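This report describes one protein chain for a reader who has not seen it before. Please look over the sequence and the structure first, then read on.

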Amino acid sequence: MQRGSSERELAARWEEEAVASDKAPAEQVLLDAGAAGEPERKTAEERCKDPARAQPRAAEEGDTRVAPRPPPTLRPKTKPAPARGLCPHGNPRSKGSSCKRCSGRRADQSCTLRPVTVDSSKARTSLDALKISIRQLKWKEFPFGRRSPCDIYWHGVSFHDNDILSGQVNKFPGMTEMVRKITLSRAVRIMQNLFPEEYNFYPCSWILPDEFQLFVAQGRMVKDGDPSWKPTFIVKPDGGCQGDGIYLIKDPSDIRLAGILQSRPAVVQEYICKPLLIDKLKFDIRLYVLLKSLDPLEIYIAKDGLSRFCTEPYQEPNPKNLHHVFMHLTNYSLNIHSSNFVHSDSTSTGSKRTFSSILCRLSSKGVDIKKVWSDIISLVIKTVIALTPELKVFYQSDIPVGRPGPTCFQILGFDILLMKNLKPMLLEVNANPSMRIEHEQELSPGVFENVPSLVDEEVKVAVIRDTLRLMDPLKKKRENQSQQPKKPVATNEEPPNSELASPSEGSVDPEAHLPSICLKQVFPKYAKQFNYLRLVDRLANLFIRFLGVKGTMKLGPTGFRTFIRNCKLSSSSLSMASVDILYIDITRRWNSVTLDQRDSGMCLQAFIEACFYLAQRKFKMLPLHEQVASLIDLCEHHLSVLDERRLMCGRSGMSGGRAPYSGPPQEATPSAPLAEGNPTPCANSAHKLPHSRHTLS
Ligand code: ADP
């Protein structure tokens, strides 16, 4: 796939799908094509009443399919009861033991028939939506936790809410840090340097206080070139949420007045002055994205989201209205305090609506909804691609390979603004999007009550329930079982575990009563169009390979030297002494700007900067992304040659009566460096020396 044509191809794919799904029922077509808002779409209430909704709908391409109903099974009408004291197979029963066939069958049943268990003790504000989802799935909730492990742990805040060694948890380690305003801006900026056109969906941003001078200088430069340019900037404190501490400025010097440079790190961003308006109001989109797996990368997008409206008619920013939060900020938590806030009594009116209702409205005005969706999908995939490299570093640090640990998934909340020209712009990513399904209502002055919110429930329960369905650890087994011809099972015995459902329950498709999955797979489905962007991801793989010490997130000087040697990057013009200086320079600079001071050494961003520098030296004249791609290709080539040689040495070592090769090849350790061109790496790989922590001396 050629760069630059990815969006067009993606749009074309969506077109194709839309044509293909023309034959499907109307609602299916709307959702498949992303044209969720065509005029004939039923309202949420109507669909709730619709009996057809109770039936399983056709599974979609790319989605985890709803297992087909198994054919009716033939059961013997009668079965002779086993003689007293004998098991159903005719073998004698004895206390505490059972015949081989019985125990085999029990083990089999227990893994296919028992309900999935969910620990909801740390679910916090997502508890209500989670409970409804678990009930709909007929799974088993453990609201106070459980002594034995659960299949799924649902955390309200972070990966570290519980100490878990197995199962699945709905948070990735490091995600909260990764989507903070500064970290996200940094991650996107790396991608903007490589692929400026592909990443122009994120407003120009500067990190304060470090880049204040740069911000002023760049602003001045643009203004000198175009005196009519009258920008507005939005200042957002790092780690803030719900509009907390956000304000607009017209002039960079206003930042000083606010005293932010001393108090709180922040991001200052170009303000998008021309948003798309509905009923003269600015609104944004909260879209739910499931990161199902990091490696291999799997991304799903919910087909519906929420639109949050401002409560004061929009005007382009001017010095008089800059402080009108109800005009400029779409946060629900702010606008709910406006006297103009309208609680929705349907999903298509009020200050919070479903995104599908917006699309419906746009579609009725002739807007190309498929294009809007395709652009949004592209934005989501590219943003996740920007986040994954560092997430991988966090992941290997918290859950090192070979140590027990859970697998992770996470629902992310993407906040997107549609510009007047319908281009989606990323505002931010939330690691803990609100999953509350009720809102506070003031019944009489000062008297508040929590009342259910139809719009929130409609969207959020579907997202949680269908995330659970996609993560269902027993789904494969259940599907396998439903595909196998049913063996007649008849026994008077009680299942050994009271959690077990009856055998007949196990043979029925447990999802038959549920609607089709609301999460649509977009990656790896569109991997071909986007894989060329994953350069930093490949750099992160190199970085992790040379980290050496399990649990660390920073590369020591010896690790960096080994990287240079093993990848054959030093030369007569780049001596190992200059490699050391490069390491010290870049590491020192990054350690002074990053908040994380836990370990000393080179962080991933510093490593990326070093690689960009090396790539520019080695492959002059090419555009930056081609320089970096060439460097990575070179490194990967040398490392695979090295791995092969080590593997062969391992094999020959075995035949020569040495200690057997155990596990993947290890990098050369500080005490046993693999010199460039070392003809006998076998000598090193045969002895696995313990890794020592690399530190900056
Ligand atoms: P928070 O995490 O505090 O909600 P956001 O980055 O989501 O911070 O910003 C809050 C609100 O400010 C957004 O919902 C949006 O309405 C508005 N906003 C944020 N960034 C921009 C921008 N660059 N241009 C226009 N409006 C913005």
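The chain has 24 helices and 19 strands. Of its 697 residues, 51% are buried. Among contacts with a separation of 6 or more, 70% join residues 24 or more positions apart.

**Confidence**

This is a predicted model. The average pLDDT of the chain is 79, and 72% of the residues score at least 70. The pLDDT is below 50 over residues 14-111, a stretch with 155 contacts in the model beyond near neighbours in sequence. Residues 656-697 also have a pLDDT below 50, and this stretch has 69 contacts beyond near neighbours in sequence. Where pLDDT is low, the predicted coordinates should not be read in detail.

**Cysteines**

How many disulfides does the count come to? The count comes to zero. A disulfide is a covalent bond between the sulfur atoms of two cysteines, and the cut-off used for the pair of sulfur atoms is 2.5 Å. For C635, the closest cysteine sulfur is in C567, at 3.8 Å, so the two are too far apart for a bond. C635 is buried, with a relative accessible area of 0%. C518 is buried too, at 16%.

**The second largest cavity**

The structure holds five cavities of 30 Å³ or more. The second largest cavity has a volume of about 90 Å³. Which elements give two or more residues to its lining? They are α7 (181-194), α14 (369-398) and α22 (604-618). The largest share comes from α7, which gives four residues. The residues lining this cavity include M178, T183, R186, A187 and I190, along with A386, P389 and E390. V536, L604, Q605 and I608 also belong to the lining. By class, eight of the lining residues are nonpolar, two are polar and two are charged.

L417 is in strand β15 (residues 410-418). Is L417 buried or exposed? L417 counts as buried because its relative accessibility is 3%, under the 20% cut-off. Leaving out residues up to four places away in sequence, L417 touches I272, P275, K282, F283, D284, K423, P424, M425 and L427. R286 is 131 residues from L417 along the chain, yet the C-alpha atoms of these two residues are separated by 9.1 Å.

**Backbone geometry**

Most residues other than glycine have a negative phi, and most peptide bonds are trans.

| Residue | Phi | Relative accessibility |
|---|---|---|
| L422 | near 75 degrees | 21%, partly exposed |
| M621 | near 80 degrees | 82%, exposed |

L422 lies in the loop between β15 and β16 (424-430). M621 is in the loop between α22 and α23 (624-655). M621 counts as exposed because its relative accessible area is 82%, over the 50% cut-off.

The bond from L208 to P209 is cis, with omega near 5 degrees. P209 is located in the loop between β5 (205-208) and α8 (212-225). D295 and P296 are also joined by a cis peptide bond, with omega about 10 degrees. The loop that holds P296 runs between β10 (281-293) and β11 (298-302).

Key:
Residues are numbered from 1 along each chain as its sequence is written. This is a predicted model: local features need pLDDT of at least 70, side-chain atom pairs count only at pLDDT 80 or more; totals for chains, interfaces and linings use all residues. Side-chain values use heavy atoms; hydrogens and water are left out. pLDDT is the predictor's confidence in each residue, from 0 to 100. Contact means heavy atoms within 4.5 Å. Buried means under 20% relative accessible area, exposed over 50%, partly exposed in between (1.4 Å probe, protein chains only). On a 1 Å grid over the protein atoms alone, a cavity is a set of points where a 1.4 Å probe fits but cannot get out, and a pocket is an open set with protein on both sides within 12 Å along at least five of seven lines; lining residues have an atom within 4 Å of a point. Grid points are joined across faces, edges and corners, and a volume is the space filled by probe spheres set on the points. Ala, Val, Leu, Ile, Met, Phe, Trp, Tyr, Cys and Pro count as nonpolar, Asp, Glu, Lys and Arg as charged, and the others, Gly among them, as polar.
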